[in-house]
Amino acid sequence: MSRTSGTATVVEGTFAVLQDAGRPAGASWGIAANGALDQFAYHYGNALVGNPMGPPSLEATMTDLVVRFDEDSLVAVTGAHAEVTVGGLSARTNQAVVVPAGWELAVRDIRDGMRSYVSVFGGFHGADAFLGSVSPDRTLGFGLDLVPGTTLSCGDGDRLDLSGRQYAFPECVPPRNPLLAEGELGVLPGESRDLFENRAGELFEGDYVMTDKTDAVGARLEGRVPRRLDTGEILSRALPIGSIEVSGGKELLVLNRGRGLSAGYPVVGVICTSSMNALSQTRPGAPVRFVPLTIADARRLRAREAEAVQSVRARMTTVIASLRAATSEERRPRGANAR
């Protein structure tokens with residue numbers, strides 16, 4: 001009888017970390033939210049293995065990640081397109097798969113995106129938390145880098161038989177964005193838009209190119225930079241994730257989840273939450289285009305992603321319940337039902 005609790009050991013890993021949803025409550029302490037840069041892929045992966053919201057996942061950025069599980073484990077890989085194998089055998093992304101005890105899950109050749117996420121039933125455990133989150137904060141020097149030899153506990157400690165069965169886990173495909181085409185980023189008006197007057201519209205007149213100067217703090221985009229007409233001083237103030245700052249140079253700076261909470265540059269627009277997930281998967285050299293959105297449209301996109309996650313979680317919760325029932329029945333002594 002197998003268990004979905006045990007350990008996971010990193011066999012190969014370079015730019016890989018342990019991530020969760022972040023620490024949004026940290027703003028009151030002047031601390032950035034951080035967390036998985038592609039929040040949809042992170043939450044979708046946990047839903048695919050039947051987890052509630054919150055368990056940590058592994059995040060690999062543009063480099064291979066290989067993990068060996070010492071117990072039968074239910075896992076899912078989401079995010080960027082990649083070559084996924086279990087014990088050398090091809091496996092699907094965006095679908096729960098069983099990794100037998102002692103086998104390796106490999107995520108290689110990450111392409112058409114930047115980041116892949118590995119989620120496991122019960123989550124990964126064993127790392128220190130700060131304000132309730134294990135996500136790295138590079139400014140504070142906090143977080144767990146996954147290097148070869150790193151071992152984490154995983155699972156929920158409950159018995160779940162994954163051996164000797166044929167599984168029919170639901171095949172789930174992330175929803176397509178109904179309002180934006182590939183490479184388009186939805187933008188809401190920024191608080192400093194009036195400082196640019198009619199030049200603010202220049203933001204939507206051409207493509208921008210992602211540079212290699214991007215990280216959890218922010219992304220720099222090359223392209224036409226709107227010039228403000230009012231040159232007065234702007235006081236530092238709190239800024240949301242997705243703020244598009246015009247610093248006066250030849251690039252736009254998009255504030256990411258690790259951004260500082262205040263700045264003195266004008267903000268011409270704010271990228272909506274759903275498009276920030278897309279931006280996190282945009283590789284250096286790739287073009288993007290800003291598209292104006294209404295608040296209602298931005299809410300629709302976010303609600304669509306939330307509904308997709310909830311739907312998958314509900315389906316997998318049913319599957320997990322049936323596996324638990326089967327495990328419980330097999331553990332029942334023979335003749336226990338005979339009266």
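**Exercise 1. Find how many cavities of 30 Å³ or more the whole structure holds, and describe the lining of the largest cavity.**

Solution. A search of the whole structure, which is a predicted model, finds 1 cavity of 30 Å³ or more. The space in the largest cavity comes to about 60 Å³. Its lining includes Leu37, Met114, Arg115, Met210 and Asp215, and the lining residues divide into 5 nonpolar, 4 polar and 2 charged. Turning to the secondary structure, at least two lining residues each come from strand S8 (104-120), strand S12 (207-214) and helix H2 (273-280).

**Exercise 2. Decide whether Phe69 is buried or exposed.**

Solution. Begin by locating Phe69 in strand S4, which covers residues 65-69. The relative accessible area of Phe69 is 0%, and because buried means under 20%, Phe69 counts as buried. Beyond its neighbours within four places in sequence, Phe69 is in contact with several residues, among them Thr7, Val99, Trp103, Phe124 and Cys154.

**Exercise 3. Work out which residues are linked with Arg108 in a network of salt bridges.**

Solution. Take the partners in turn. The side chain of Arg108 meets that of Glu12 in a salt bridge at 3.2 Å, N to O, and this pair links strand S1 (residues 3-13) with strand S8 across 96 residues. Arg108 also forms a salt bridge with Asp64, with the closest N and O atoms 3.2 Å apart; Asp64 lies in the loop between strand S3 (57-61) and S4, so this pair ties together parts that are 44 residues apart in sequence. Glu12, Asp64 and Arg108 are therefore linked in a network of salt bridges.

Notes: Residues numbered from 1 in each chain as written. Predicted model: local features only at pLDDT ≥ 70, side-chain atom pairs only at ≥ 80, totals over all residues. Heavy atoms only, no water. 1 Å grid on protein atoms, 1.4 Å probe; cavity = no way out; pocket = protein on both sides within 12 Å on 5 of 7 lines; lining within 4 Å. Points joined across faces, edges and corners; volume = space filled by probe spheres on them. Helix = DSSP H or I, 4+ residues; strand = E, 2+ residues; numbered from the N terminus. Nonpolar A, V, L, I, M, F, W, Y, C, P; charged D, E, K, R; others polar. Buried < 20%, exposed > 50% of the residue type's maximum accessible area, 1.4 Å probe, protein only. Contact = heavy atoms within 4.5 Å. Salt bridge = Lys/Arg side-chain N within 4 Å of Asp/Glu carboxyl O.
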